[in-house]
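Subject: Handing over the structure

Hi,

Here is the structure I promised to pass on to you. Please open it in your viewer and keep it beside this message while you read.

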Amino acid sequence: GFVSTELGERMNEYSLGQQIIESGFYGTNRLQKSFRLNSIQRSYYLDLVDYLSLDDVTNIPYGKLSDGQKRILIIARALVSKPKILVLDEPSCNLDLKSKHNLLSLLEKVAISGTTLLQVTHNLDTIISNTQRVLLIKKGIVEFDATPTIALTSLNLSKLFDTPIKV
């Protein structure tokens with residue numbers, strides 16, 4: 001599965017949250033009238049909405065949702081295909097504090113359920129607590145590849161960002 005801010009911008013603002021999630025079964029930006037979920041897909045959709053606590057946004061047009069709600073719908077859309085790995089490109093970009101907190105809680109839940117998360121980020125505060133491996137990349141070169149405790153030190157981050165950083 002893949003999640004990015006740009007992907008969210010491609011969604012139809014008039015599509016309901018439910019339609020955004022369901023479009024993930026077909027790999028499209030919007031549902032065509034001919035698309036119908038089979039009973040297995042419908043059951044998985046309902047389980048996912050319940051698991052991610054999305055009942056309150058499934059009947060709201062996408063364009064009326066907050067950026068945080070949109071981001072979580074896009075993640076749910078990616079999860080309908082039951083990916084082994086979910087790639088997240090700057091998932092917390094442009095989110096307010098509450099939305100970022102909700103997003104990180106959701107990502108913790110997804111990781112605990114067994115989906116591997118691969119997150120590209122410049123925001124160290126979005127690295128979830130059960131992260132097992134961190135790659136610090138500078139100009140396309142892996143500078144550090146280690147556990148968060150080893151990689152995310154003042155020295156390593158100062159070298160990475162070319163500025164004094166205290167962790």
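Predicted model: local features only at pLDDT ≥ 70, side-chain atom pairs only at ≥ 80, totals over all residues.

H5 has the largest share, with six residues. By class, the lining divides into six nonpolar, seven polar and three charged residues.

Ser53 sits in the loop between helix H3 (39–51) and H4. Its phi is near 55°, a positive value in a residue other than glycine. As background, most residues other than glycine have a negative phi. Ser53 has a relative accessible area of 52%, so it is exposed, the cut-off being over 50%.

H5 also carries Lys100. Is Lys100 buried or exposed? It counts as buried because its relative accessibility is 16%, and buried means under 20%. The side chain of Lys100 makes a polar contact with the side chain of Asp125, at 3.3 Å.

**The largest pocket**

The largest pocket has a volume of about 920 Å³. It is lined by 25 residues, and those nearest its centre are Leu118, Gln119, Arg133, Val134 and Leu135. Which elements give two or more residues to this lining? They are S3, strand S4 (134–138) and helix H7 (154–161). In terms of class, 13 lining residues are nonpolar, nine are polar and three are charged.

**The parallel sheet**

S3 brings us to the sheet. Three strands make up an open sheet with parallel pairing, in the order S1-S2-S3. Its edge strands, S1 (2–4) and S3 (116–120), each pair on one side only. On average, neighbouring strands of this sheet are turned by 15° against each other, direction ignored.

S1 and S2 are joined by three bridges and run parallel. S2 (residues 85–89) is joined to S3 by five bridges, and these two strands run parallel as well. Asp89 stands opposite Val120 in S3. As for the faces of S2, the covered one has Leu86 and Leu88, while Ile85, Val87 and Asp89 are on the uncovered one.

S4, which contributes to the lining of the largest pocket, pairs with strand S5 (residues 141–146) through five bridges, and the two run antiparallel. Lys138 stands opposite Ile141 in S5. The hairpin of S4 and S5 has two residues between the strands, and Lys139 takes a positive phi near 50° there. S4 has a covered face with Val134, Leu136 and Lys138, and an uncovered one with Leu135 and Ile137.

**The end of H7 and what follows**

Phe161 is found in helix H7. At 36% relative accessibility, Phe161 counts as partly exposed. The C-alpha atoms of Phe161 and Ile137 are separated by 10.0 Å, and the two residues are 24 residues apart along the chain.

Asp162 lies in the segment after H7. Its phi is positive, about 55°, although Asp162 is not a glycine. Why does Asp162 count as exposed? Because its relative accessibility is 59%, and exposed means over 50%.

That is my tour of the model. Enjoy looking around, and write back with any questions.

Best wishes

Key: Residues numbered from 1 in each chain as written. Heavy atoms only, no water. Pairing = 2+ DSSP bridges. Helix = DSSP H or I, 4+ residues; strand = E, 2+ residues; numbered from the N terminus. Axes fitted to C-alpha atoms, helices over the stretch in contact; angles between N-to-C directions. 1 Å grid on protein atoms, 1.4 Å probe; cavity = no way out; pocket = protein on both sides within 12 Å on 5 of 7 lines; lining within 4 Å. Points joined across faces, edges and corners; volume = space filled by probe spheres on them. Nonpolar A, V, L, I, M, F, W, Y, C, P; charged D, E, K, R; others polar. Buried < 20%, exposed > 50% of the residue type's maximum accessible area, 1.4 Å probe, protein only. Polar contact = N/O pair within 3.5 Å; in protein donor to acceptor, adjacent residues only side chain to side chain.
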